[in-house]
Amino acid sequence: MERTSTMVLLQVLVLLALSSAAAVAVTARHPAGNASTEGGVSISAAAEAYHQLVEQTGSGSPEDGTATAEIKRKNARTLARRNSGALTRHYAKKLKIAVPGKHGFKDFVNATTEKVTGYCIDVFEAAVKKLPHDLDYEFNIFDGSYDEIVHNVSSGIFDAAVGDITITSERAVYVDFTMPYSESGVSLLVLSENDSKSTIEWVFLKPLTTELWLATVGGFFFTALVVWMIERPKNLEYQGSSSRQCSAALYFSFSTLTFSHGQIIKSPLSKIVVVIWCFVVLVIVQSYTASLSSILTAKRLRPSVTDLDQLLPTGDYIGYHSGSFVHSILTKQGFDGKRLRPYAKKEEYANALRNGSKNGGVSVIVDEIPFITSFLSDPQYYNEFQMVNRIYKTPGFSFAFPRHSPLVHNLSVAILDLTSGDEGSRIQAEWFGTATSLPDYGIPNTDSTPLTLRSFSGLFIITLCISALMLLISIATSVHAKYTKVRDSDMQSADGDGGSEGHGGSDPLQNDLGNGSMTDQPHHEARNVDPQGIHGSGESVAGEESNGSVPVHTIQIETSTG
């Protein structure tokens, strides 16, 4: 029993000694107002030391075991608060933060001896204001690559790194990153080539594909053929010589393109065919006009390079952002390091692309999307260059801290609150403008896609079927009319006597004249018919009437078949 009491007393004395030493250290290093903060951390360390001591010496009573369990619970709660970033009102340590010393793209970070500004700096300062505790820090300019900054943070040279630092798997091994505050990725910046260099332009043919052009022209010829076959027996406009008939039919069909065909058709079947075809023409013309307008008003430029793989066997030079991780991406894809050229400024980007690989420049620049977007936001470069084909995706820009830093959690929460609200958009608009937006990745700025035959296949099928149906109806009607006429003529010839034959013979003639083209002929064409044959049928005797009716019938047949 005495031994147990002695051990408990010894343990209490050790705990008090450790707590006193920690309090003295805090008082010597910081003002009185900050002693409580560090004191809390030191007490936690003392509790850990005491816990280890208890485990080594052991305990012989249940009361000692209960006390040890209580200490473990308190210690676990203390460590949980510390690891979750639950800091006190003031973070006592003054952070030494590294910022990259950039020579270009200073709208992201502009570090000088007087001050440090830029989009990334404004985002960091706005996030710090949202922390539940005060944070004291100072910026230190670092002239080196982004990977070197990350390694210096990991080794303890710097307490953090703030700037346009991209999160990568290689860097995440050494440091902890906050939540990204900007979207990112790797894309291609290329020179746009003018697609309008020829002296003779055929732009008006581009809205439609070759198949659709041929189908449209074929539709005009087919409509002309159907209308000619329906109208020819009864319409004088489609009679006469072969050239006259052909020209009349084609003129009428192609005039529907401008809806100037006029009223030169008489059959209801022809009118149905023309109405359907005019609807097809209207749809095609409107679609053609819209597509042509899109082509003429769009920027007629095409990218000189659309894919990075097409440069792999050519030997062309490729540019990248100096100090960026893009260099490692290109080498992993098989590009020789001698073909890679680093650039840091927007002017260097423009000059290198303008010169090309054969004149000391590059064929394409591979860079992160925020930098390319910043480059294209400049009016002097927007119409000359373009971004195409995102080849690599990254989480975005972030801030780097040492592993297990309690600031990462709170800063990540602050960044999420910042980027999801209006303040993040306001900061971006101050540095890049409100009109800045990321283009469509992988979609080059080219002409509109031409209209295809497949788009109008339904219309062509409808007009083809209706036109064929109307033509069949016209042919069937004509055959039925001729059959009826011949049957009536035979019946009248067999039943009548001489006088009745004369009068009966004139009825079919009159029916022919009424149903044929004679009634539709102008007066100067009607004079070609033998008047003696017509009037003689009423003035001569029965035999002469019969003989006089034959020439008239013959003239009518020749006229209708000519």
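**A tour from helix 7**

Select M229, which sits in helix 7; helices (H or I, at least four residues) are DSSP runs, numbered from the N terminus. This is a predicted model, in which local features need pLDDT of at least 70, side-chain atom pairs count only at pLDDT 80 or more, and totals for chains, interfaces and linings use all residues. Residues are numbered from 1 along each chain as its sequence is written, and side-chain values use heavy atoms, with hydrogens and water left out.

M229 has a relative accessible area of 34%, so it is partly exposed (buried is under 20%, exposed over 50%, partly exposed in between; 1.4 Å probe, protein chains only).

Next, select F221 and F254. Their ring centres are 5.6 Å apart and the planes stand at 85 degrees, so the pair is edge-to-face (centres within 6.5 Å; planes over 60 degrees apart). F221 belongs to helix 7 and F254 to helix 8 (residues 242-255), 33 residues apart. F221 is partly exposed at 43%, and F254 is partly exposed at 33%.

Move to helix 4 (residues 119-129), where eight of eleven residues are buried, among them Y119, F124 and V128.

Finally, colour by pLDDT, the predictor's confidence in each residue, from 0 to 100. The chain averages 74. Residues 21-63 are below 50, and residues 497-562 stay under 50. Where pLDDT is low, the predicted coordinates should not be read in detail.

How values were computed:
Contact means heavy atoms within 4.5 Å. Helices (H or I, at least four residues) and strands (E, at least two) are DSSP runs, numbered from the N terminus. Rings of Phe, Tyr and Trp (its six-membered ring) pair if their centres lie within 6.5 Å; planes under 30 degrees apart count as stacked, over 60 as edge-to-face and the rest as tilted.
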